[in-house]
Amino acid sequence: MNGAYLSIKNVSKSFGDFTALSNISLDIREGEFVCFLGPSGCGKTTLLRAVAGLDLQTEGEIHQAGEDVSWLTPDQRDFGIVFQSYALFPNLTVAENIAYGLKNRKTSRSKLNARVEELLEMIGLPESGVKYPSQLSGGQQQRVALARAIATSPGLLLLDEPLSALDALVRVHLRSEIKELQRKLGVTTIMVTHDQEEALAMADKIVVMNHGVIEQIGTPEEIYSRPKTAFVASFIGQMNFLSSRMLDDGKVQVGGQLLDCEHDKLFQPDNDMQLAIRPEDIRVRYNGDATNTMPADVRHVEFLGSFVRSELDVDGIMEPVIAEFSMNDVRDLQIAKGSRLMLDLPSSRIHLFESAR
Amino acid sequence: MSVITARPVNDWNPLSLRREQLLQLIGVLFGIVVLLLTVLMPLYAILSKSMENSSGDFVGLDNFIEYAATPSLASSVTHSLTIASVTTLIVVTLALICAYALQRSCMPFRGTIRLLMMGPIFAPSLLPAISMVYLFGNQGVLKSWLMGESIYGPIGVVISLSFWCFPAALMIISTALSNTDARLYESARALRTSALRTFLTVTLPSIKYGLISAGFVVFTLVLTDFGAPKVIGGQYNVLATDIYKQVIGQQNFQMGAVVSVILLFPALLAFAVDRWVQRKQVALLTSRAEPLRPEPAAIRDWSLFAVCMLVIAVIIGVLGMAVYASFISFWPYNLEFTLDNYQFDLMDGGGWDAYENSLEMALYTALFGTALIFSHAYLVEKLAGFRLLRTLLHLMAMVPLAVPGLVLGLAYIFFFNSPDNPLNFLYGSMAILVICTIAHYYTVCHLTAVTALKQIDAEFEAVSASLKVPFYITFWRVTLPVCLPALLEIAIYLFVNALNTVSAVVFLYSSDTMLASISVLNMDDAGDIAPAAAMGVLLMFTCIGVKLIHWLLSHMLLNRTQGWRQSR
Ligand SMILES: Nc1ncnc2c1ncn2[C@@H]1O[C@H](COP(=O)(O)OP(=O)(O)O)[C@@H](O)[C@H]1O
Ligand SMILES: [Mg+2]
């Protein structure tokens with residue numbers, strides 16, 4: 001026992017020859033909100049369904065609340081689930097949908113009604129109990145699906161892309177509602193999403209997946225500022241990638257420039273590699289604390305409200321470099337198309353990755 | 001926070017859950033056993049019978065060699081194929097024109113025209129054949145139209161079956177024509193494509209699979225139909241009548257089995273093509289399309305209208321002739337109105353009892369068939385486990401489509417009449433008629449049920465499992481109500497077909513379980529052609545009545561469930 005509420009141990013899943021999950025291991029603490037994040041088809045849903053027992057893994061174990069649930073059927077496990085399609089029963093009213101799992105438990109009618117009222121209140125639809133799902137908007141339907149899933153107070157809440165079918169505005173709104181509800185109930189939650197913004201905003205812990213393997217597990221902050229792999233770096237947020245070379249003295253050569261980098265990984269000297277830096281980490285103003293300066297021409301400027309995104313032509317580097325500058329920088333330094341700048345790539349903000357073969 | 005009571009974690013009962021899985025397993029196994037007993041084992045029995053001599057010894061392909069060497073028998077293959085090809089050509093051409101008129105023109109009264117064109121579907125294939133006798137027979141009103149040819153033979157069979165198969169082809173081609181994208185036609189017009197070229201390059205490719213499918217459906221229907229050639233075929237023997245003659249006339253069961261096996265081949269081919277087409281068509285339907293709204297074009301609309309009127313005139317003429325003849329004293333000598341022909345109890349042929357038996361049989365078939373087929377389809381489509389067994393059940397459910405009714409009926413004799421079979425007691429009962437009819441029409445209903453089940457959310461079962469609600473409760477509370485329209489459709493399909501079927505039950509009825517459709521056949525055989533027409537007409541109006549009830553029920557249902565049945 002390591003104190004985890006849910007332990008996924010070396011889980012693999014294949015469909016015939018195709019490996020959808022390979023050797024996934026993961027611990028989730030009680031009350032934690034975890035997001036499985038990755039591009040479409042990377043195996044997020046497959047992993048979620050294995051946790052639920054809906055599609056059993058080919059290999060590996062899953063422990064929930066100290067119990068081995070690896071080979072139990074879904075009804076023998078303890079979870080509530082919400083799907084992208086809502087999966088509300090169309091011929092039952094909202095109240096009947098929410099009460100669906102409660103009916104089975106020999107609860108008295110008055111208690112049951114009170115519980116449904118309470119849940120309707122909680123999702124902000126106190127008057128909608130008598131309506132049918134088709135009379136509600138998408139966002140409202142998804143709230144009902146959520147209420148139905150938590151009605152029986154499961155120990156684990158599973159959400160498979162619950163927001164993907166909704167309009168952008170509803171999505172952002174419901175995002176915070178779900179998060180708040182989860183915090184209030186303290187229920188351990190796994191949410192699958194391919195939307196990095198959603199994951200960054202909601203999760204306590206993000207599990208980044210790609211091609212059936214876990215690329216990185218960490219808090220949103222860790223994932224964003226210390227991506228472990230080039231995939232994570234490119235999938236989350238914006239990132240410039242520059243082909244570079246590790247030299248004997250620990251410096252990194254990019255084009256004609258030599259850069260200092262702080263990094264905790266071991267790279268063989270004389271190796272081809274990728275240097276990565278986020279657009280907002282490139283500086284144009286510094287008070288003598290510059291570490292890696294390089295001259296550049298502004299090739300293109302795009303005004304985005306509170307900041308400007310510019311495409312830069314850095315001396316000696318083939319690839320265009322994207323940088324974001326605040327409006328203050330733009331005003332004070334008169335950054336415009338064609339202006340010449342001296343950039344600083346702070347050594348602490350540079351990420352290094354093995355070159356993709 | 002305090003209001004949320006923590007749920008005790010272990011309040012499920014492992015034993016009851018095992019029971020749920022066990023229940024599912026029993027359900028799937030039951031389905032497999034049912035189809036094994038009612039389809040596959042009888043088919044095996046007929047196959048082995050075809051390779052036995054009259055004393056039951058295995059003789060390999062000897063019977064088939066004998067068959068090929070008997071010219072009177074072998075000629076049936078050519079006859080059957082000829083009739084099937086000619087009928088298919090006629091029906092598909094006519095159906096294409098009429099479906100085009102219905103879907104793509106602005107001619108008036110399209111709804112009514114479509115309704116009238118479906119008319120033939122409500123009568124057994126015997127009825128148009130009987131009409132042919134009245135219209136073109138030796139004393140026929142329109143005998144001169146044949147210019148000396150006899151209606152008793154291929155001409156009569158082709159006309160009767162063209163008439164009878166027309167609605168099926170019309171439905172398939174109409175559906176194909178309705179699944180189109182208006183934008184394709186707009187692009188064609190923007191590129192100044194001629195009407196003919198548009199038809200050849202846009203319309204035809206989009207309905208290609210519909211045409212192929214309609215063609216094979218008609219081909220199989222004609223090939224395996226027994227009623228029309230029996231009544232109007234005269235000396236022109238076809239495979240279906242050969243089976244009947246060998247078994248009933250000559251008691252040569254082995255040769256009956258041989259012909260059955262031969263008849264199985266084209267039906268199997270049609271089945272394979274149909275499956276292939278269905279798979280192709282699915283891909284066509286997934287794209288999002290703009291509906292096509294035809295614009296008026298006087299010449300096109302009115303000429304199509306004229307063709308449709310002609311077709312309807314023929315349909316009304318043929319059906320009307322049968323109705324008229326059933327109320328006439330003695331054609332063509334005494335044209336007085338009479339109800340004598342409906343005094344079935346005074347004729348040989350089972351009397352009104354036969355009609356009651358038919359209703360009873362159709363009712364049981366609709367009731368048990370719908371329950372059985374739908375629950376099997378549910379197990380196939382919605383369970384999570386037992387993947388292999390479920391696939392097996394699905395494959396087995398597809399087999400009946402490839403088995404002609406006569407072949408199934410004969411197979412039942414071999415299988416159920418065998419003294420070694422513990423199910424022997426079923427032989428000659430009402431039950432075997434019901435079982436055989438359900439088996440005969442199993443596949444179409446299975447596919448209807450599967451389609452309906454596929455349309456409801458795939459995650460209902462997952463959700464109810466997570467809520468610890470047993471699958472059968474969700475089946476009862478959600479799946480069934482949502483699928484009620486499909487259930488009604490299946491029940492009506494079974495009822496109408498059970499009422500009209502001849503081929504599957506002609507070998508299986510006993511004196512106690514005489515059916516109306518068989519009595520049409522027998523009365524016609526005995527020369528009581530007016531009462532035969534009367535019974536056929538009675539069946540037709542029964543089907544129309546049932547269809548009306550179905551229509552009313554669906555409307556009531558739709559009104560009652562309008563609250564939740566809304567298009568999103
Ligand atoms: N039942 C199945 N049979 C075969 N392949 C499957 C099946 N379910 C999923 N896959 C494949 O597994 C991969 C992962 O699927 P999934 O977990 O649904 O991805 P996502 O991360 O988008 O949720 C996909 O490539 C998908 O095609
Ligand atoms: Mg998914």
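The tour goes from the ligand to a strand and then to some salt bridges.

Before clicking, note that this is a predicted model, where local features need pLDDT of at least 70, side-chain atom pairs count only at pLDDT 80 or more, and totals for chains, interfaces and linings use all residues. Residues are numbered from 1 along each chain as its sequence is written, chains are lettered from A and ligands numbered from 1 in the order in which they are written, and side-chain values use heavy atoms, with hydrogens and water left out.

**Stop one: the ligand**

Select ligand 1 and show what surrounds it (a residue is near if one of its heavy atoms lies within 4 Å). Among the residues you'll see are A:Phe15, A:Pro39, A:Gly43, A:Lys44 and A:Thr46. The shell splits into five nonpolar, five polar and one charged residue (Asp, Glu, Lys and Arg count as charged; Ala, Val, Leu, Ile, Met, Phe, Trp, Tyr, Cys and Pro as nonpolar; the others, Gly among them, as polar). Its largest share, three residues, is from α1(A) (helices are DSSP runs of H or I with at least four residues, strands runs of E with at least two, numbered from the N terminus).

Now zoom in on A:Thr46: one of its polar side-chain atoms sits 2.5 Å from an oxygen atom of ligand 1. For A:Lys44, look at the backbone instead, where a polar atom is 2.9 Å from a ligand 1 oxygen.

**Stop two: a covered strand**

Next, select residues 33-37 of chain A, strand β3. Are they buried or exposed? Five of the five are buried (under 20% relative accessible area, with exposed over 50% and partly exposed in between, using a 1.4 Å probe and protein chains only). A:Phe33, A:Cys35 and A:Leu37 are on one side, with A:Val34 and A:Phe36 on the other.

Look for A:Thr193 opposite A:Leu37.

**Stop three: salt bridges**

Select A:Arg143 and A:Glu177, a salt bridge whose closest N and O atoms are 2.9 Å apart (the rule is a side-chain nitrogen of Lys or Arg within 4 Å of a carboxyl oxygen of Asp or Glu). A:Arg143 is in α4 and A:Glu177 in α5 of chain A, so the pair ties together parts 34 residues apart in sequence. A:Arg143 is buried at 15% relative accessibility, while A:Glu177 is partly exposed at 28%.

Finally, hop to chain B, where B:Glu381 and B:Lys454 form a salt bridge at 3.2 Å between the closest N and O atoms.

How values were computed
A polar contact is a pair of N or O atoms within 3.5 Å; within protein, one must be able to donate a hydrogen and the other to accept it, and residues adjacent in sequence count only if both atoms are side-chain atoms. Two strands pair if DSSP finds at least two bridges between them.
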